[in-house]
Amino acid sequence: MGINIRMYWKLRATAFVTGMTVACVLAGPQHAAAVDLEHASPESVGLSTTRLQRLDDAMQTEIDAGRKAGIVVLIARRGKIVHHKAYGYADLEKKVPLRKDAYFRLYSMTKPIVSVALLMLFEEGKFQLSDPLEKYIPAMKGVKVYAGKDEAGNMVLEPPKRKITIQDVFRHTAGFSYGRPHGPMPSVNPRVEQAYADAGMTYEKLDSVREVVEDKLPSLPLLYHPGERWVYSFAHDVQAYLVEHFSGMSIDQFLEEHIFEPLGMQDSYYGNPRGGEGRRPVVYSSDGSHHLKADPAGLSYNRLSEHPMGGIGLTMTPMDYAKFAQMLLNKGALNGTRLLGRKTVELMASNHLSEGQATLLPGFGYGLGVAVCTDPVEWANLGSVGQFGWGGAATTWVAIDPKEELVTLLFAQYVPIDLEFLRKFQTLAYQAIVD
């Protein structure tokens, strides 16, 4: 799977007839024309060039201070790119400058794309959001909820108060976990998190979404009764499994044929794409002494080429992700190609959580695969009610703002995710709006 599917499409033969001569040639994939978003001056769409200089200065300061090796920023308003720049290096040791068309490991920014894939099948009538998950995954019928421990220290399990629905899977309210906490994720239940670790529930060990859904999750306890809480989890890998179930295609093949090709996203892959030297930034982390060091997370991404997952694994250029984001801002269409209907995107970008259910970001709820801003005041930052998007573990970020007709994208390659830096980027992008 993964890169092999990509190579299949790149190498498939197209036969054609010219007069009495039949020739066979190797042709590239039948993508839509790879039309990049149009460029325009900031002032033509209500942004200030002078104020965007503040963004440039802050990004360069981050590089000069040694907190990041390289950064790419892309800002589009009203369908036009007004700011697309690269700062710093792809490789500090070799002094390779970072390119605007670098291949960035998306980590969890894979999730919104997989969510769109499943919503496309929802639009075909394959399922309802209210359907119980066990209707399509019989192994989930016997799942139990953690209810404490007995006198001997053993787990006590009980039946869920209601069944897990597909809507729960979209919005992280199913009761699943991500195992041991990492990055900004807090520990929720060490006993359940240890059970996930003991079962090998890490992307470094998992081979397929089928393994996650059929072999692992059914035997692991739920953290809470479905619908009661929001906890970040392997839910998007369950989504990918459902894409495969309803479409009869592997998740990487479905994304290639139904999203990447139609939108002209020619630089989108699972794992680390082969070739393209100089376009694959090194992933860095802090060495604890205010210096950057190469992090093995970048190399571990290699196995995702052959083991495509739903919550992680995609690599692409900022321009490719901008096309995907602009499609969502356009209510499901780009350059004459429609992936989703307007009402579906509106439902996706609505908050599906109950009052009081907290996410990782204050002032944000969660929709169908994306965080949704419900209160910029609670977030204590510039933004809009209804802005939606998500970030990735290597400090990447997308925000899609229907009110301002704005797409903002930030790509570093720094682990763990630097949420304070993402907040600063959000401030600097929005303060440039003057009209």
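This is a predicted model: local features need pLDDT of at least 70, side-chain atom pairs count only at pLDDT 80 or more; totals for chains, interfaces and linings use all residues.
1. Residues are numbered from 1 along each chain as its sequence is written, and side-chain values use heavy atoms, with hydrogens and water left out. Helices (H or I, at least four residues) and strands (E, at least two) are DSSP runs numbered from the N terminus.

2. Strand 4 covers residues 70-77 and strand 5 covers residues 80-91; the two pair in the antiparallel sense over 8 bridges. Two strands are said to pair if DSSP finds at least two bridges between them. Strands 4 and 5 form a hairpin with 2 residues between them, and R78 in the turn has a positive phi of about 55 degrees. Most residues other than glycine have a negative phi.

3. Is strand 4 enclosed or open to the outside? 8 of its 8 residues are buried, so strand 4 is largely enclosed by the rest of the structure. Buried means under 20% relative accessible area, exposed means over 50%, and partly exposed is in between (1.4 Å probe, protein chains only). G70, V72, L74 and A76 point one way from strand 4, while I71, V73, I75 and R77 point the other way, and all are buried.

4. Strand 4 is also joined to strand 20 (residues 406-411), by 6 bridges, and the two run antiparallel. Here V73 has L410 as its bridge partner. L410 is also the bridge partner of W397. W397 belongs to strand 19, where W397, A399 and D401 point one way and T396, V398 and I400 the other.

5. Strand 19 and strand 20 pair in the antiparallel sense over 6 bridges. Their hairpin has 4 residues between the strands, and E405 takes a positive phi near 55 degrees there. Strand 19 is mostly covered, with 6 of its 6 residues buried.

6. On the other pairing of strand 19, strand 18 runs antiparallel to it over 5 bridges, and G392 stands opposite T396. The hairpin of strands 18 and 19 has 3 residues between the strands. T395 lies in the loop between strand 18 (388-392) and strand 19 (396-401). T395 has a positive phi of about 60 degrees although it is not a glycine, and at 0% relative accessibility it counts as buried.

7. Phi of H290 is near 65 degrees, a positive value in a residue other than glycine. H290 is placed in the loop between strand 11 (284-286) and strand 12 (292-294). Is H290 buried or exposed? At 74% relative accessibility, H290 counts as exposed.

8. A separate backbone feature concerns the peptide bond between V415 and P416, which is cis, with omega about -5 degrees. P416 lies in the loop between strand 20 and helix 13 (419-430). Most peptide bonds are trans.

9. An open sheet of 3 strands has the order 7-13-10, with antiparallel pairing. Strand 7 (104-105) and strand 10 (268-270) stand at the edges with a single partner strand each, so one side of each is left without a neighbour in the sheet. Strand 10 pairs with strand 13 (residues 314-316) over 3 bridges, and S268 stands opposite M316 in strand 13.

10. H236 is found in helix 7 (residues 235-247) and is buried, with a relative accessible area of 0%. Not counting residues up to four places away in sequence, H236 touches several residues, including K111, F170, H172 and Y366. Contact means heavy atoms within 4.5 Å. The C-alpha atoms of H236 and S108 are separated by 9.4 Å, with the two residues 128 apart along the chain.

11. For the whole chain, there are 13 helices and 20 strands. Of the 435 residues, 56% count as buried. Among contacts between residues at least 6 apart in sequence, 67% join residues at least 24 apart. Along its principal axes the C-alpha trace spans about 65 × 65 × 45 Å.
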